[in-house]
Amino acid sequence: MRMRRARRAAPGPLPLLGLLLLGALPGLWTVLLRREAAAQPEPEPLPPSEPPAGRWGWGGSPAARGESGGGGQKTFRTLLAMPEAATGQEERGGEERFAVTGSLPPADTASPVERGIFWSRELEEQVPPGFAAEEAAAWLSAARAARVSSLERGGCGRSSNRLARLSDGSRACVRYGINPEQIQGEALSYHLAGVLGMQERLPPMALALVEARGRQWEPVREELRGSHWAEGAVVSLTRWVDNLTAVVAPAPWSAEAGAGRRLQPLSAGELGGLPPSQLVELVQWSDLILFDYLTANFDRLVSNLFSLQWDPRVMRRATSNLLRAPDGGLVFMDNEAGLVHGYRLLAMWDPYNEPLLRSVCVFREGTARRVAELHRRRSAAAELRRRYRAREPLWARLGFLSERQAELLQARVDFVHRHIAHCRAQAAVL
């Protein structure tokens with residue numbers, strides 16, 4: 001009798017199956033949630049003590065980014081350029097997610113490069129502002145009206161230059177050229193930077209006429225006698241900037257050239273570990289190399305490249321006439337080798353300037369747009385002349401480019417435009 005009661009109390013197979021299903025429901029629910037989360041991934045939060053890795057989508061190893069590791073040697077161009085088709089797909093996907101969810105796309109979908117060859121807007125917004133146009137205009141107006149209170153040796157390059165203290169309390173480097181074309185090149189390079197939209201990277205510069213009996217120079221008449229400056233010479237006044245430090249060329253150039261390899265193709269290795277500060281510096285370097293090609297300036301990175309033939313470590317030393325402000329902004333200093341002087345020596349220096357230009361295939365979009373406009377209208381010299389005459393009262397003292405030099409400027413603008421077009425086409429097939 002007791003055995004029969006026990007059989008009746010024991011559950012049958014169907015109730016047992018129901019109990020098992022009830023026990024499995026939490027696990028099934030967890031799996032479904034995980035699949036739903038995988039369909040719309042969210043960036044995994046990092047500990048608050050560490051900055052987000054790959055803020056512009058370059059963090060981590062190739063495997064972490066869904067790329068194949070190893071393979072052939074990558075060039076600087078390959079690492080920075082993104083295929084236009086893939087970029088467009090990512091942008092459309094981001095817009096769709098924004099439209100559906102009403103929130104911004106995950107941060108890890110951002111990239112430092114847009115549409116294959118342009119630095120992203122987000123990255124450009126991180127570039128230090130440099131010398132704002134309003135600030136530069138105010139200093140130039142004050143410097144032209146101020147008197148020179150003192151002249152000191154040292155701190156401004158050649159022994160013929162002087163550090164001037166002005167009556168308004170500011171300081172300026174006074175550059176006296178070995179010949180007038182150096183001062184002319186300094187002035188024209190400064191205003192060409194304005195045409196290209198990168199003048200904020202150059203310290204404000206104005207021309208001044210040396211007149212020992214004039215109001216501006218009268219307080220330093222005795223110092224002028226010891227300077228051996230010619231009466232009536234045109235000099236440049238460049239705003240003095242404190243706390244500038246030396247700049248060494250970043251890895252895309254220093255590693256290749258320093259190892260004795262050709263600049264093109266550049267081998268930069270993986271850039272995934274670069275912090276935002278280094279990417280921001282590369283944005284400025286891309287403008288610098290383009291600017292130095294247009295002006296044929298040989299007295300900066302090109303001079304370092306030239307020195308490699310007897311100094312294999314020169315690329316790991318400071319770059320000539322390039323300094324860094326405390327906020328990380330690059331300052332393009334001493335541009336007197338540009339345009340006039342540089343154009344006379346093209347045969348000697350273009351074997352270095354041209355490979356440098358070809359080593360860059362990612363640009364600020366605004367710079368590329370201005371180059372395209374100067375190319376389309378064939379107006380490089382005309383735009384430079386208009387700006388120079390409108391903004392420099394002493395422009396006529398030094399004159400403008402010769403007809404041949406104006407043709408060379410336009411030809412170099414056209415070359416840069418073709419190079420940008422080549423980079424765009426190359427990015428489309430990568």
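Guide: Welcome! Helices (H or I, at least four residues) and strands (E, at least two) are DSSP runs, numbered from the N terminus. This is a predicted model, in which local features need pLDDT of at least 70 and side-chain atom pairs count only at pLDDT 80 or more, while totals for chains, interfaces and linings use all residues. Residues are numbered from 1 along each chain as its sequence is written, and side-chain values use heavy atoms, with hydrogens and water left out.

Visitor: Where do tryptophan 349 and tyrosine 352 lie?

Guide: Both belong to helix α13 (residues 346-358). They are three residues apart, about one turn of the helix.

Visitor: Why is tryptophan 349 called buried?

Guide: Its relative accessibility is 9%, and buried means under 20% relative accessible area, with over 50% exposed and anything in between partly exposed (1.4 Å probe, protein chains only). Tryptophan 349 therefore counts as buried.

Visitor: What about tyrosine 352: buried, exposed or in between?

Guide: Tyrosine 352 has 23% relative accessibility, so it counts as partly exposed.

Visitor: How many aromatic pairs does the rule give?

Guide: The count comes to eleven aromatic pairs. For the rule, rings of Phe, Tyr and Trp (its six-membered ring) pair if their centres lie within 6.5 Å; planes under 30 degrees apart are stacked, over 60 edge-to-face, and the rest tilted. Tryptophan 349 and tyrosine 352 have ring centres 6.1 Å apart and planes at 50°, so this pair is tilted. The two rings also belong to a cluster, linked by ring pairs, with Phe298, Phe306 and Trp310.

Visitor: What makes the pair of tyrosine 388 and phenylalanine 400 stacked, tilted or edge-to-face?

Guide: The ring centres of tyrosine 388 and phenylalanine 400 are 6.4 Å apart and the planes stand at 35°, so this pair is tilted as well. The pair links distant parts of the chain, twelve residues apart: tyrosine 388 is in helix α15, and phenylalanine 400 is in the loop between α16 (395-398) and α17. With 0% relative accessibility, tyrosine 388 counts as buried, and phenylalanine 400 is buried at 15%.

Visitor: How do helix α15 and helix α17 pack?

Guide: Helix α15 (residues 380-391) packs on helix α17 (residues 403-429) at about 115°, with the axes 8 Å apart. Axes are lines fitted to C-alpha atoms, for helices over the stretch in contact, and angles run from 0 to 180 degrees between N-to-C directions. Contact means heavy atoms within 4.5 Å. By that rule, Ala380, Ala381 and Leu384 of α15 meet Ala406, Leu409, Gln410 and Val413 of α17. By class, six residues of this contact are nonpolar, one is polar and none is charged.

Visitor: What makes arginine 412 count as lying over the face of tyrosine 293?

Guide: Arginine 412 lies 4.0 Å from the ring centre of tyrosine 293. A charge sits over a ring if NZ of Lys or CZ of Arg is within 6 Å of the ring centre and within 35 degrees of the ring normal.

Visitor: Which strands are called edge strands in the open sheet of five strands?

Guide: The sheet has the order β3-β4-β5-β7-β6, with antiparallel pairing. Its edge strands are β3 (148-152) and β6 (205-209), each of which pairs on one side only.

Visitor: How do you know that β3 and β4 pair?

Guide: Two strands pair if DSSP finds at least two bridges between them, and four bridges join β3 to β4. Strand β5 (residues 171-175) has four bridges to β7 (residues 234-239), with arginine 175 opposite serine 236.

Visitor: What makes β4 count as mostly covered?

Guide: Four of the five residues in β4 are buried. Helix α6 (residues 133-145) lies across β4 (162-166), β5, β6 and β7, at about 135° to β7.

Visitor: Which phi value does aspartate 334 have?

Guide: Phi of aspartate 334 is near 50°, a positive value in a residue other than glycine. Leucine 339, also not a glycine, has a positive phi of about 65°. Aspartate 334 lies in the loop between β10 (330-332) and α12 (340-344), and leucine 339 is found in the loop between β10 and α12 too. Aspartate 334 is at 14% relative accessibility and therefore counts as buried; leucine 339, at 0%, also counts as buried.

Definitions and conventions. Ala, Val, Leu, Ile, Met, Phe, Trp, Tyr, Cys and Pro count as nonpolar, Asp, Glu, Lys and Arg as charged, and the others, Gly among them, as polar.
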